[in-house]
Amino acid sequence: MSQYTSGLTARPEKSALNARTITSLAMLTALTYLAMLISNVLPKIAGFLQMEIKGTVIAIGGLLFGPLSAALIAIIVAVIEMFTVSETSIIGCIMNCLAACSFACPAAFIYKRIHTRRGAVIGLTTGVAVLIVTMLLWNYMLTPLYMPNVTRDQIVEMLPKVFLPFNLIKGGLNMALTLILYKPVVTALRKAKLAPESRTTTPDTGSKAGFLLFSLALLATFGFLMLVLAGKV
């Protein structure tokens, strides 16, 4: 009888947990879309490449809930963007999904296994590297399809001069913002009972002040490089 009663109480707890997770993911999806809209104030590179910070929110969702959640947020926002504000239709949607997933999913995968500040830095750095390689490949294949006036030979010339620095700076910018914003965002979600408690069993001995200074220096570096690449300074 006690086992039967225990089973009955476990089901509502699991349902409540699922409901909280869905609520959190919906909130992060809305914030990702908002970050995409805010990104329009950031400079464009080469006249058509828009710097974006939505990868920050997707990465936070991935670090908190796992790589599958990051992919889900990225895909939903890309589809909504395609039907609302995007001018590049399905190709732009595919590129947005690839960029967001290639950055956030590797970071979440690694952080899930190394659940420390060091793991977050390693994961996000890996995400930036995967983002660069993935987008160089897909820019080569798909860019001529939505820019018919640009030949593939011209795209090849742009890969090291435009697409590589663009994705490096975009990835670095989102990495820095993720490192800075992850803790306050997750703390707020946990206080609202919308996120699971930390799984870390041993204290992370890294200096909080040093980690913050590192993240701010990273943000300043890639923010300045973004302005340089956009020709603003």
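Modeller: I begin with Ser-69, which counts as buried because its relative accessibility is 12% (buried means under 20% relative accessible area, exposed over 50%, and partly exposed in between, with a 1.4 Å probe and protein chains only). This is a predicted model, in which local features need pLDDT of at least 70 and side-chain atom pairs count only at pLDDT 80 or more, while totals for chains, interfaces and linings use all residues. Residues are numbered from 1 along each chain as its sequence is written, and side-chain values use heavy atoms, with hydrogens and water left out.

Ser-69 belongs to helix 3; helices (H or I, at least four residues) and strands (E, at least two) are DSSP runs numbered from the N terminus. Apart from neighbours within four places in sequence, Ser-69 is in contact with Leu-25 and Gly-61, contact meaning heavy atoms within 4.5 Å. The C-alpha atoms of Ser-69 and Thr-21 are separated by 9.8 Å, although the two residues are 48 apart along the chain.

Helix 3 (residues 67–84) packs with helix 4 (residues 89–113) at an angle of about 160 degrees, their axes being 8 Å apart. Axes are lines fitted to C-alpha atoms, for helices over the stretch in contact, and angles run from 0 to 180 degrees between N-to-C directions. Helix 3 is therefore roughly antiparallel to helix 4 (angles under 35 degrees count as roughly parallel, over 145 as roughly antiparallel, 65 to 115 as roughly perpendicular and the rest as oblique). On the helix 3 side, the contact includes Pro-67, Ala-70, Ala-74 and Glu-81; on the helix 4 side, Cys-93, Asn-96, Cys-101 and Cys-105 are among the residues involved. By class, this contact of helix 3 with helix 4 has 17 nonpolar, two polar and one charged residues. Here Ala, Val, Leu, Ile, Met, Phe, Trp, Tyr, Cys and Pro count as nonpolar, Asp, Glu, Lys and Arg as charged, and the others, Gly among them, as polar.

As for the cysteines, the count comes to zero disulfides, a disulfide being a pair of cysteine sulfur atoms within 2.5 Å. Cys-101 is in no disulfide, and its nearest cysteine sulfur, that of Cys-105, is 4.5 Å away. Cys-105 is buried, with a relative accessible area of 16%.

Regarding the backbone, Lys-193 has a positive phi of about 60 degrees although it is not a glycine. Lys-193 lies in the loop between helix 6 (152–191) and helix 7 (208–229) and is exposed, with a relative accessible area of 56%.
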